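Subject: Structure handover

Hello,

Here is the structure for you to take over. Please open it first, then read my notes below.

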Amino acid sequence: KMGKPKTATKPKKAPAKKKAKKATDAEARDRILSYIVAQNRPFSQKLIFENLHGRTTGLGQKKVTDTLNALAAENAIASKTFKKKVVFWAKQEELEVLTPEELKELVASNKQLEKEVRQEQSEVASLQARNKRIEAAPLTTELAQRLQELETRRAEQEQRLGVLEKGTKLDPQKKEKQEALLNRSRKEWKVRKRTFREMSDTFEEQLSGPAFKKLRFELGIETDEDANVDINVSESSKILTRNS
């Protein structure tokens with residue numbers, strides 16, 4: 001037997017959005033008047049409606065228009081018609097007027113706040129850079145593995161160094177190979193050091209002494225002079241010379 005054909009299920013309608021409760025005349029008056037005074041600039045009816053999100057706050061276009069006209073009729077706000085469009089703004093004579101001393105104090109306070117903002121922004125940038133370094137740092141397990149590798153390598157090097165210090169003669173070919181490797185490494189070191197010095201000098205010219213030292217500390221920069229290392233005098237070169 002053939003079954004009855006299945007009827008397609010109708011998609012459920014999305015729940016209708018609840019309309020915002022209409023603002024009363026008093027509510028509309030208070031909100032619109034407070035907004036115009038606070039902004040202290042000219043507005044058209046359309047701008048007031050859009051800026052106060054009329055449809056979602058219970059202020060329809062008719063309510064906004066009626067309220068603006070009523071406020072203008074009460075002389076609570078000023079209005080003027082320009083090319084068939086009415087513009088509304090706050091009455092300037094009712095706004096607070098600062099004395100020269102108050103204005104000067106306000107300007108000084110604003111400059112101090114701007115200075116504090118710049119300091120905070122600098123501190124935030126420093127913390128962000130520090131956070132990036134922490135995120136880029138290896139995990140504890142990775143450090144432990146790396147430490148074990150270095151310990152093993154150090155033991156091998158110490159064993160080899162002990163043999164060299166006893167005066168064992170090096171194979172001429174091995175000695176020549178090691179000297180070439182040492183010279184290449186030293187040359188590369190000098191190139192990188194010169195490049196870093198040029199970059200470091202550029203930063204030092206832009207920053208003050210303490211700020212530059214702080215930057216070097218935060219970036220973990222250590223120069224040859226800080227580590228008391230002279231690339232031209234190494235233990236490897238002394239050993240190669242002694243055992244030749």
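Predicted model: local features only at pLDDT ≥ 70, side-chain atom pairs only at ≥ 80, totals over all residues.

The chain has 10 helices and 3 strands. Starting at the N terminus, the elements run α-β-α-α-α-β-β-α-α-α-α-α-α.

Some totals for the chain. There are 244 residues, and 16% of them count as buried. The exposed surface comes to about 21,100 Å². Carbon and sulfur atoms supply 55% of that area. Take the contacts between residues at least 6 apart in sequence: 58% of them join residues at least 24 apart.

Next, the core. The largest nonpolar core holds 18 residues. I32, I36, I48, V64, L68 and I77 have the most contacts inside it. Four elements each supply at least two of the core residues: α1 (25-39), α2 (45-51), α4 (61-73) and β3 (85-90). The top contributor is α1, with 5 residues.

Leaving aside residues up to four places away in sequence, L68 touches I32, I36, Q45, I48, I77 and F88. Of these partners, I32, I36, I48 and I77 are also on the list of core residues with the most contacts.

Now the sheet. In what order do the strands of the open sheet lie? The order is β1-β3-β2, and the pairing is antiparallel. The edge strands are β1 (43-44) and β2 (77-82), and each of them pairs on one side only. Between β2 and β3 there are 6 bridges, and these two strands run antiparallel.

Last, the rings. The count comes to 1 aromatic pair. Y35 and F43 form this pair, with 5.3 Å from centre to centre. Are these two residues buried or exposed? Both Y35 and F43 are buried. Their planes are 45° apart, and the pair counts as tilted. Why tilted, rather than stacked or edge-to-face? Stacked needs planes under 30 degrees apart and edge-to-face needs over 60, so a pair at 45° is tilted.

The charged end of K80 sits over the ring of F82, 5.9 Å from the ring centre.

Best wishes

Key. Residues numbered from 1 in each chain as written. Heavy atoms only, no water. Buried < 20%, exposed > 50% of the residue type's maximum accessible area, 1.4 Å probe, protein only. Contact = heavy atoms within 4.5 Å. Areas by Shrake-Rupley, 256 points an atom, 1.4 Å probe, with all protein chains shown as cover. Core = buried A, V, L, I, M, F, W, Y, C linked by side-chain atoms within 4.5 Å. Phe/Tyr/Trp six-rings, centres within 6.5 Å; stacked < 30°, edge-to-face > 60°. Lys NZ or Arg CZ within 6 Å of the ring centre and 35° of its normal. Pairing = 2+ DSSP bridges.
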